[in-house]
Amino acid sequence: MPRTVSRGVVALLLSCTLLLTTAACGGDDEARSAGAAVTPTSTSTFEQQKLAKTRFVANAGLAAGAAYQWIVKPYRAGKFAKGADGRTVALVKAGLAGAFTYNRLKAAVNNAKGDPLLSKAVAPLSAGIESLKDLGTKLRKGEAGAADVGAFENVINSVKDAGEGAGATVVDKVPSAAQLGGGG
């Protein structure tokens, strides 16, 4: 009986993850509206550019925090290895974090478009961010390896470095479980 309950809980978690991941991936409209809200106008260009940097820092910080907390750290601790204690939960969290990280990085790039210096610094990173699109699914299925986790780290560090070079220092900020599950 306990084994049946355990399987039911795992099935429920995986079902919820699939539903939440699709909701998290649907945030493109929000990212576009946030990017549209920071387009400079002739009345308050300086304020909107400052707001663009602030939004960039917030979104990139959340992406960095999620990637480190639920992908890089558990991977280094061996939580994704077959037979590891808590592997299923770690993989589900990593899958959610992967989708969340991708979503927040896309939003950060859109925010960067509101600041001329940031947009020049971040534009070359768009291809790297796009390469992460399906990594959340790979993580959730347990198919991600060292190269995939390294790709997350490299893209996050590149975005942080680009922000630093443009005067927008990005600090890791671990998102709450509600933010992680809800996509932002």
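Predicted model: local features only at pLDDT ≥ 70, side-chain atom pairs only at ≥ 80, totals over all residues.

I searched the whole structure and got four salt bridges (a side-chain nitrogen of Lys or Arg within 4 Å of a carboxyl oxygen of Asp or Glu). Numbering runs from 1 along each chain as its sequence is written, and side-chain values use heavy atoms, with hydrogens and water left out.

I looked at Arg 76 and Glu 153, which pair at 2.5 Å, N to O. They link helix α3 to helix α8, 77 residues apart (helices are DSSP runs of H or I, at least four residues, numbered from the N terminus). Arg 76 is exposed at 56% relative accessible area, while Glu 153 is partly exposed at 24% (buried is under 20%, exposed over 50%, partly exposed in between; 1.4 Å probe, protein chains only).

Next I checked Lys 106 and Glu 130, whose closest N and O atoms are 2.6 Å apart. Lys 106 sits in α4 and Glu 130 in α6, so the pair ties together parts 24 residues apart in sequence.

Then I went to the largest nonpolar core, which has 41 residues (buried Ala, Val, Leu, Ile, Met, Phe, Trp, Tyr and Cys joined through side-chain atoms within 4.5 Å). Which element gives the most to this core? I found α4, with twelve residues. I also noted that 21 of the 26 residues of α4 are buried, so α4 is largely enclosed by the rest of the structure.

Conventions:
Helix = DSSP H or I, 4+ residues; strand = E, 2+ residues; numbered from the N terminus.
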